[in-house]
Amino acid sequence: MCFAREVRMSARNLLLAFLLLTLAGFTNRPARAEEPVPSKALYNTFSDEEEMSMGREAAQDVEKKYTILNDAALEPYLQDVGRRVAEASRRPKLDYHFKVVDTSAVNAFSLPGGYVYVDRGLLDFVGTESELVGVLAHEVGHVVAYHSMNDVARRWLVDRLVYEGQKAGLMSDQQIHDMLQQYGGAALLFVNRKFNREEENEADLLGLYNTERAGWDPEGLVTFLNQLTEFGADRDIVKLLLRRHPLPEERVETLKNELKQHPSPAGLKRNSSAFRRVKEQLKLLPPSPPPPAE
Ligand SMILES: [Zn+2]
């Protein structure tokens, strides 16, 4: 009896500590016109290696479910631009991968550890290279700020609080596999995950500064979001993106406000001949299939 109460008490204390840590994360908001400092939640005890292993596992899942376009021109182009964005990010040491998913959806998503996927419909949709870079940098921002990883760590900790406490040592690939399966697999956990307003804001601001550091005009993300709003939220090919990344009008306001207070230096890139070649190449491909039914 005594023992049971002790267990309950310690679980309650742990929960309290966990809630305090969660709140601490929210009080640490950056001032405007300043790049956010991404903070790993204190309860997120996963190492970068474990995160990359989780990303690898999730990427295998994703690539079983979706068709990856292995085009000799598109793939190296995306990889090259993406790597330059990633190298200028706040977490440049992760093993980043950028791939094209062959659907007509205007969509992009990232997995922990640095796996970023862009649907072919998004490549068709963007008008300038800086718009594409803005989207890539936003997705890298979700990785940099540990959004999905903090989520997994929170669920994992809550599930084990009473029984095992904190994890000790690195998890094996098998343990990571079991954990992802327990939470419904990578697609459910990461691909369909809806980001909240705080996370969107953080990914946008990280993306803005990241884009600029990598040498592209950060206005690209603004024009992309404006085009999206004009295009219409009810069209099938943009539905998934807008469900996962809500409130484009509000995001535009935040980005514009940031850019007003932090004007970009002159001479940043908006387009390139490589981008124009990619747009020409896209026209030569057979039409992509519609996004898979959910
Ligand atoms: Zn987002």
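The model is predicted: local features need pLDDT of at least 70, side-chain atom pairs count only at pLDDT 80 or more, and totals for chains, interfaces and linings use all residues. Residues are numbered from 1 along each chain as its sequence is written.

The protein has 13 helices and 3 strands. These are DSSP runs numbered from the N terminus: helices are H or I with at least four residues, strands are E with at least two. Of the 294 residues, 41% are buried (20 or more other C-beta atoms within 10 Å of the residue's own, C-beta atoms being placed from the backbone). Take the contacts (C-beta atoms, placed from the backbone, within 7 Å) with a separation of 6 or more: 77% join residues 24 or more positions apart.

The 3 strands form an open sheet in the order β1-β3-β2, with mixed pairing. Two strands pair if DSSP finds at least two bridges between them. β1 (97–101) and β2 (108–111) are the edge strands, each pairing on one side only. On average, neighbouring strands are turned by 20° against each other, direction ignored. β1 pairs with β3 (residues 115–119) in the parallel sense over 5 bridges. H97 stands opposite Y115 in β3.

Axes are lines fitted to C-alpha atoms, for helices over the stretch in contact; angles run from 0 to 180 degrees between N-to-C directions.

| Helix | Strands contacted | Angle |
|---|---|---|
| α5 (residues 129–144) | β2 and β3 | about 30° with β2 |

Note on methods:
Buried ≥ 20, exposed ≤ 12 C-beta atoms within 10 Å, placed from the backbone. Contact = placed C-beta atoms within 7 Å.
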